[in-house]
Amino acid sequence: MEGLLVIILVIASFSSISTQNVGNGNANNVKCRATDREALLDFKNGLNDPENRLSSWLGLDCCIWRGIGCNNTVGSVTKIDLHNPYPDSTSSARYGFWNLSGEIRPSLLNLKLLQHLDLSSNTFDGVLIPEFLGNLKNLQYLNLFEAGFSGLIPPNLGNLSNLQYLNVSSGFSSLTLDGFRWITGLTSLKHLEMKSVNLSLVESNWLEMLNMLPHLTELRLASCFLFGSISSLDSVNFTSLAVIDLSFNSFNSMFPDWLVNISSLVYVDLSNCMLRGRIPLGLGDLPNLKYLNLALNGNLSASGQSIFKGHWKMIEVLDLASNQVHGKLPASIGNMTTLTDFDLFDNSVEGGIPSSIGRLCKLVNFDISGNKLTGSLPEILEGSEDCFYKSPFPNLVHLKLTGNNLTGRLPEWLGELKNLEELSLVANLFEGPIPESIGALQNLTDLNLAGNKLNGTLPESIGQLSNLSFLDVSLNSLTGILTEAHFSKLSKLKILLLSSNSFVLNVSLDWIPPFQIRNLDMGSCNLGPLFPAWLKSQHELMYLDLSNSSISGSTPNWFWDFSFNLSLLNVSFNQLGGQLPNSFQVIPYADIDFSSNVFEGSIPLPGVPIELLDLSNNGFRGPIPQNISEVMPDLIFLSLSGNQLTGRIPDDIGNMVLLEVIDLSGNNLTGRIPTSVGNCTYLKVLDFGNNRIVGSIPDSLGQLNQLQSLHLNDNMISGELPSSLKTLSSLETLDLGNNQLEGSLPPWISEGFTSLRILILRSNAFYGEIPPELSNLTSLQVLDLAENNFTGRISPAFGDLKAMSQEQMINKYLFYGKYRGLYFEENLDVNLNNQPQLYTKTLSLLTSVDLSGNSLYGEIPVELTKLHGLMVLNLSRNQISGHIPESISSLRQLVSLDLASNKLSGPIPSSITSLSFLSYLNLSDNNLSGKIPESGQMSTFDAYAFGGNPDLCGAQLGVKCTNEDSKNGNNTQNGNNNYDSNDKFTDRWFYLSIGLGFAAGILIPYLILVIKKPWRDGYFDFVDKVSKTMCCCTGRNNNESWLPTLRSLVTQINGTFSGNFQLMAVAGEVSLDEHDMDFNQYGILIKVKFRGNDPYFLFLPRYGPHKREKYVSTVSPSCQPAKYTTMLLAYTKITAKSRIQQACCILTVINGPWIEQPSKVWSSGENWGSIGARLAGNNC
């Protein structure tokens, strides 16, 4: 359209000339004027013409010269058109370098009737635009578009009062303009184009000046560094304006509503202008508007239901990408039948896609990626029968719906889009199979269905897409066998991404694919057991990911013959073994990942510098090559952890100054930490843990001001903490545990570490008092100072540890040094229940204080109980005295409490029974007295938790309490009543019993749904074992033969469940309910409590009755093997996203007859009948 306007303008500009000759002969035999010929020859002499374009400039008649036009009446030159017809590099390669350069000589002034001058797309090497051009009085057309000029545009161009077309666009902002005032003199101007001219110095009222040009029809000022408001004009004078392009400027302005008053507008481009405010609805009523681009403003808003209800009578291109369009798409969108391009990428449009889009028969590009669309794609497209060939979207080339929440199956009409070249449905929730009809899209070049929930197999028909170059179905649930037929006609395929599915590749050993692939990602596909031989034929391969693909054996020798072209090589998580070449060839700056295999031998190095090397978790031996920094000076990510490396860390490892991650942990490295490490100032992670490193911590580590994770644990490092560490202001993890460090904790350790969340100094030789200033570490979640020589009292200030004062609700993966998809995952061994527990992905949820194994004394500060989010508290093996604070119940999230081996006295506070997540308790070896509380979690702990307290009594110790004990200690019945009356049903304890006689209850839906499959299998295997064991009995007289086995099984399954419950921060236990009853009334008691306000646990997916977790095995009342049966205890009547109510968590309960007083199982005053009523009332 722009070209059409130019043609019309040119024709109009020469309407006064009856006939012209432009180098094609002279019909009237009027030769050019001699003065004009001489002027042209002089002009030619100033030019450099490498392709001899002006070779025709010979002879007397200049009117027949190439690019010259004359007035056929008098022979005067009126036109010089020397634009470069082949400006781009592709055309230059084919047609040669047609660019003219040199100087523009003033002899052009002798061409008195010159009206048209076009020197566009040449390379005049930065010379200034000649000022004398302003003296060509008759000039009507001046085109210097990207001609290589630079400097200031001469203001005397304003003298060209006859000028109608002016284009001085600059390719690299090499031209500037310091004022617009001279342009107001161009009273005949119709076309003004200054793309990429630097206009940052023009007057602030530049828009008002341009508004004074009454004949202006095209205004193009894209990328001109303009700024300031354009939102208002006192009056709109350029009422003939058809084209306005102000894109890629920085106005930071409200939207210019005055545009809706220019009815002549055909083309509007205000993209990337930092505009804000509402998009005026009147734009849809402009009668001639065909092109509207408001993309990339970010803050322009509109309601989809309003903006798309306009007439949009002539609209062809509508681009509102990257703004704040919201609401739903109305059915009236189907009325924009002239639409060819529709782009709503990166907005907030929600709801579904209306079926009326089927009426958009001219649509070529359709992009609604990055919104909040829901629902499924229309099964039937309304109005598509009126389109050409009566097929849907007969002109559609690009369909992009990436990054929404679209669901349902892919509709069959996708396979009818005959002209479709690109289909992108990435990152939605589509499910079901890929339609077989996709294979009918013979023009398809890009098919991207990654990141959905698609299942079934990959259609064999995809192998018929002969134009396909890009295929990505990664990150789905696709299964099945891929054969040669799936790729039979994919000769143009360059990118194949199949990872994170469950494909099995089954091709012949001598298969040669029809394609030459460039990017291949088949991670998590089964390609083994041998290394794929068909890769030998792939000579263009640049990116190869075969991670976790069940490959074993060694890498074949032929593989290293073409590896020199690889930018990515990832064969991690396989069983590849043997030795790698000492030097292998890849492309410079490649990423290499051989981690988690069984490779042996010495560390291999590439033959060229690379940026990522991960050899972790293999069997490499020997020293780290001393020349590693010479071979890979630009390395960014280095992981050699989990091998059997020996020797010293190379002294010059710090010469790799771009390193962001160094992980050498889990080896047998010796020597000292090289001081050169301090040169790696971009370092995010330094992990030398679990080696045999000696010496002190070098001061140079203080230079690593971007360091986030520092692990020097489990070495033999000695000395004191260097003060230079206080400059590590970005540090989040500091693990120096299990070394030989000594000295007192310096005051600076509590200063400046605003992001420190993990501080591990355990098992060293630190001494003195623990500084109360540690409470200033506002982000601290894990504090471990155990096994040192600290003395003094525990400071009450520890109650101010802010990050522990509230429950950690949001799980944040602690990934550091992310680089091209690889990262260091923070990990930590936490001493939990006197055993190390490895935390990785849930580490950000953990809160722990461990001060055990020191010489602390005094009482437990009551202020510690303000740490309401604390999960682990270990103060054992100190000299702490006094009472356990009654406010211990405030530690509501406590999972593990260890106060053993101190000098605590007095009773165990009754409030401890309310710690419903408590799964580990050790109060042994103190001076506690009185009766042990029995309600709540306290009934789950055995004698181990209370031993070594001579004055304690209770069922847990098998010591009967006297009346005096009950008075001095805790009255169990009163404790129970108090607990029940306060918490009632809202405490959400679920008692589910599986009796030997008759089944009773279910595990709550949460436990059923969140426990992983191995846990479920363990549980049901346990029940089956119990059943088989019990059914072999003949009566009570055989009690002694089966009871130890039963108790052992219950203890075993409880241990498994308890560990998993702790990881989920859920309280629960499995126990044998004996109650001194007849053995026929024994039962398995399961208790669980979950956090009802946790958003991660409230939504339950739909399960059908065929799922295994709906069934448990039980035995009949008589315990006879012949009557052993499997019973359905509960069928969970829930729908997708049912919300668990506070008083509504069990949907079906079958009560066993052995429970004589069921109300005691719940809260005071409750009974089975009232619970059922609550369930019904909450519509569960």
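Where is the place of tyrosine 682? Tyrosine 682 lies in the loop between β48 (668–670) and β49 (685–687), strands being DSSP runs of E with at least two residues, numbered from the N terminus. This is a predicted model, in which local features need pLDDT of at least 70 and side-chain atom pairs count only at pLDDT 80 or more, while totals for chains, interfaces and linings use all residues. Residues are numbered from 1 along each chain as its sequence is written, and side-chain values use heavy atoms, with hydrogens and water left out.

Confidence comes next. The pLDDT, the predictor's confidence in each residue from 0 to 100, averages 81 over the protein chain, and 78% of the residues score at least 70. Residues 91–95 stay under 50, and the model gives them 7 contacts beyond four places in sequence, a contact being heavy atoms within 4.5 Å.

β18 pairs in the parallel sense with strand β16 (residues 275–278) over 3 bridges; pairing requires at least two bridges found by DSSP. Here glycine 277 stands opposite leucine 300 of β18. β18 also pairs with strand β20 (residues 324–328), in the parallel sense and over 3 bridges, with serine 303 placed opposite histidine 326 of β20.

Terms used
Helix = DSSP H or I, 4+ residues; strand = E, 2+ residues; numbered from the N terminus.
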